[in-house]
Amino acid sequence: MTTQKQMVVVKNPGQQLVAYNESPLLLDDKEDEMSRSALAMFRAKEEEIERKKMEVRGRVQAQLGRAEVATKRLAEIREELEALTDPLRKEVSMVRKRIDVVNRELKPLGVSCQKKEREYREVLEAFNEKNKEKTQLLSKLMEMVGESERMRMKKLEELSKHIDTLR
């Protein structure tokens with residue numbers, strides 16, 4: 001049997017070129033061994049990639065969990081803020097509405113008050129005029145009563161003198 005020798009150049013996973021002067025049977029064993037080794041290295045790399053992928057996935061999940069917790073907390077804070085401002089807004093709104101209602105009620109009352117003040121001044125003026133007229137009439141009456149009494153007294157004195165003269 002003649003053994004054929006063949007030159008085989010194989011590229012190693014470490015990127016080195018290796019040349020073999022071997023027989024084809026030995027070469028097949030070495031090729032099998034190298035392909036198993038390459039396959040094992042490929043599987044190791046795949047497992048490492050998968051492991052790193054799982055680590056990254058775990059970190060992403062952890063980050064998502066923290067983000068979810070932060071989102072819930074922010075929602076709670078927003079609700080608390082709304083609860084804080086809501087009563088103030090409602091109270092302010094109610095007070096403003098009440099002020100508007102009172103303003104609407106005040107307007108006709110103010111007009112009525114001005115009208116009544118005008119009427120009061122007119123009536124007061126009329127009252128003062130009538131009171132002045134009454135005072136003048138009372139003075140005249142007193143003057144007339146006094147004049148009447150004087151005249152009657154004079155008449156009585158005359159009558160009394162006349163009776164005295166008749167006696």
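## Exposed or buried?

A residue is called buried when its relative accessible area is under 20%, exposed when that area is over 50%, and partly exposed in between (1.4 Å probe, protein chains only). By that rule Lys-130 is exposed, since its relative accessible area is 56%.

A quick word on what you're looking at: this is a predicted model, where local features need pLDDT of at least 70, side-chain atom pairs count only at pLDDT 80 or more, and totals for chains, interfaces and linings use all residues. Residues are numbered from 1 along each chain as its sequence is written, and side-chain values use heavy atoms, with hydrogens and water left out.

## Salt bridges

Side chains of opposite charge can pair when their charged atoms come close. Here, a salt bridge means a side-chain nitrogen of Lys or Arg within 4 Å of a carboxyl oxygen of Asp or Glu. How many salt bridges does the structure hold? There are eight.

Let's go back to Lys-130: its side chain meets that of Glu-133 in a salt bridge (3.8 Å, N to O). These two are about one helical turn from each other because they sit three residues apart in helix H1. Helices here are DSSP runs (H or I, at least four residues), numbered from the N terminus. Glu-133 is partly exposed, at 38% relative accessibility.

Glu-48 and Lys-52 make another pair, with their closest N and O atoms 3.5 Å apart. Both belong to helix H1, with a spacing of four residues, about one turn of the helix. Glu-48 counts as partly exposed at 31%, and Lys-52 does too at 46%.

Then there's a network: salt bridges link Arg-73, Glu-76 and Glu-80. Within it, the closest N and O atoms of Arg-73 and Glu-80 are 4.0 Å apart. Arg-73 is partly exposed at 41%, and so is Glu-80 at 45%.

## Patches on the surface

Patches are built from residues with over 30% relative accessible area and no salt bridge; like charges are joined within 9 Å, and nonpolar side chains (Val, Leu, Ile, Met, Phe, Trp, Tyr) within 5 Å. Areas come from the Shrake-Rupley method with a 1.4 Å probe.

Which residues make the patch of negative charge? They are Asp-28, Asp-29, Glu-31, Asp-32 and Glu-33. Asp-29 is in helix H1, which covers residues 24-166, and is exposed at 51%.

A nonpolar patch of about 390 Å² is made by Leu-74, Ile-77, Leu-81 and Leu-84. Leu-74 also has its place in helix H1, where it is exposed at 54%.

Key
Lys, Arg positive; Asp, Glu negative; His and termini not counted. Charge placed at Lys NZ, Arg CZ, Asp CG, Glu CD.
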